[in-house]
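Welcome! Take a moment to look over the structure below, and then we will walk through it together.

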Amino acid sequence: MSRILKLNIFRYNPKDLNSKPHIETFILNETESMTLFIALNRIRSEQDPSLQFDFCCRAGICGACAMIINGRPDLACRTKTKDLPDNITLLPLPIFKLIADLSVDTGSWFRQMYQKVESWIHTDMVFDSNAQEERMTNHLAEKIYEVDRCIECGCCVAGCGTAIMRENFLGAVSLNRLARFILDPRDKRTTNAYFDLVGTDEGIFGCMGLLACEDVCPKQIPLQDQLGKLRRKLALAAINNVLPKFLRG
Amino acid sequence: MQNLTTTTTKNSINSIKLPAYLDWLQMFSGVILILFMWAHLCLVSSVIISPSIMNAIANFFEETGLVYVCGPGILLILFLHFILASRKIPWTTKQQTAMWANAKRMHHKDTWLWMIQVGTAMVILIMGATHIWVVLTDLPITATKSAMRIQSGTWFVFYLILLPLVELHVGIGFYRIMIKWGFLSRTNRKGFHAKENILTIIMITIGLITLMRFMLLPIN
């Protein structure tokens with residue numbers, strides 16, 4: 001016999017002056033292989049067409065459907081209701097600007113992040129559209145891909161205690177983004193240049209190592225390892241800076 | 001996140017490395033305090049075997065003058081460590097409420113470990129400093145003096161509170177340093193933490209036995 005699910009969903013539309021933040025409860029019968037994506041769509045089509053939430057790919061690739069599911073950020077499309085209790089609470093991701101209900105604007109935040117960590121290859125090489133693409137070893141390409149798999153869902157930021165407390169904290173996604181460029185030999189930035197971008201209390205030295213990012217990342221990106229390496233690299237670079245010239249690496 | 005469209009002078013011409021140096025200092029002061037606490041427990045617990053061993057060790061520190069250097073030194077490092085680490089503590093009600101809500105919502109172990117560290121830090125700052133003050137203003141250290149203090153009753157309760165809080169803070173701190181500085185990889189995180197927990201339990205147990213030993217030590 002199928003379960004009866006109770007979905008407690010955050011409702012608020014900032015554009016509607018009469019709207020007040022509140023939790024609205026919807027009752028739904030569970031079907032086989034039901035995901036939260038299916039559940040929310042059924043609520044919207046059968047009970048309340050005004051319910052707002054984001055979806056695109058339904059396969060954990062686009063990162064649009066991240067929300068707080070029973071307390072933790074996760075992707076709704078990849079969350080099966082059978083793995084959840086009867087009582088399910090859904091909240092929008094904190095930190096990001098609320099559009100309405102469960103829908104948030106992660107785009108603006110990520111745009112700022114790209115600018116802040118200068119998320120592009122810095123090179124003085126002139127692009128030749130006729131030349132063959134520069135070769136890279138498979139091993140290195142895989143190493144870069146491992147950290148570049150990020151779908152920018154925002155879960156790591158929304159689960160981060162530091163980011164929640166401190167508005168300017170860059171969060172794991174930004175630091176992981178920079179780690180990707182550090183690995184890439186085409187990026188000609190020096191360690192000092194990377195330091196200037198994230199060697200701050202808003203960057204890697206503000207990270208308190210709570211590891212929520214590592215534990216909630218739906219793509220299992222090795223954030224713990226990347227943050228640890230980045231802290232060591234930049235902290236050692238700072239030490240290198242005060243060494244006598246002949247000892248500098 | 002702050003709007004970046006404005007042009008501001010971010011740094012001086014030379015890149016500012018202060019955040020890194022402060023992070024180094026926070027880590028090193030923490031490591032020194034961890035090593036000190038482990039050594040401290042080993043030395044004091046020598047009373048379990050015999051008060052004369054503890055007296056001999058205390059005498060060594062007295063004769064060599066080490067106690068006059070290490071005692072105030074540790075107090076200073078404790079204060080330094082607090083000042084450095086407290087930069088990460090939420091002080092405003094807005095930050096505190098946000099962090100509380102986050103911890104309660106997430107049911108996430110490592111977030112709670114940090115909360116425990118913050119909580120224990122406040123108590124250790126006061127009680128640890130009190131303990132150092134009481135010991136250093138009544139030198140030389142002897143097993144009998146320690147036993148007298150603990151048998152007074154109030155100090156027994158004092159140490160019964162301070163001991164587990166210090167060991168928790170030290171244990172969690174050790175684990176978190178290993179995490180933050182990249183010495184633990186994803187694969188060995190859980191195993192290390194389990195071992196760390198056992199170490200903390202052993203340390204608390206040794207501490208409790210030491211306290212009981214002092215409690216039952218006959219005072220001449």
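## A helix in chain B

Helix 9 of chain B covers residues 189-216, and its 28 residues should span 40 Å at 1.5 Å a residue, which agrees with the 41 Å between its end C-alpha atoms. Helices here are DSSP runs of H or I with at least four residues, numbered from the N terminus, and the expected span is 1.5 Å times one less than the number of residues.

This is a predicted model, in which local features need pLDDT of at least 70, side-chain atom pairs count only at pLDDT 80 or more, and totals for chains, interfaces and linings use all residues. Residues are numbered from 1 along each chain as its sequence is written, while chains are lettered from A and ligands numbered from 1 in the order in which they are written.

Which residues of helix 9 of chain B are buried? They are B:Met203, B:Gly207, B:Thr210, B:Leu211, B:Arg213 and B:Phe214; buried means that 20 or more other C-beta atoms, placed from the backbone, lie within 10 Å of a residue's own. Their packing partners in chain B include helix 1 (18-44) and helix 7 (143-151).

## Where the chains meet

Chain A brings 39 residues into contact with 33 residues of chain B, contact meaning C-beta atoms, placed from the backbone, within 7 Å. Helix 9 of chain A gives the most to chain A's side, with 10 residues.

## A cysteine and its neighbours

Leaving out residues up to four places away in sequence, A:Cys213 touches A:Cys156, A:Gly159, A:Cys160, A:Ala172 and A:Leu223.

Definitions and conventions
Two residues are in contact if their C-beta atoms, placed from the backbone, lie within 7 Å. Helices (H or I, at least four residues) and strands (E, at least two) are DSSP runs, numbered from the N terminus. A residue is buried if 20 or more other C-beta atoms lie within 10 Å of its own, exposed if 12 or fewer, and partly exposed in between; C-beta atoms are placed from the backbone.
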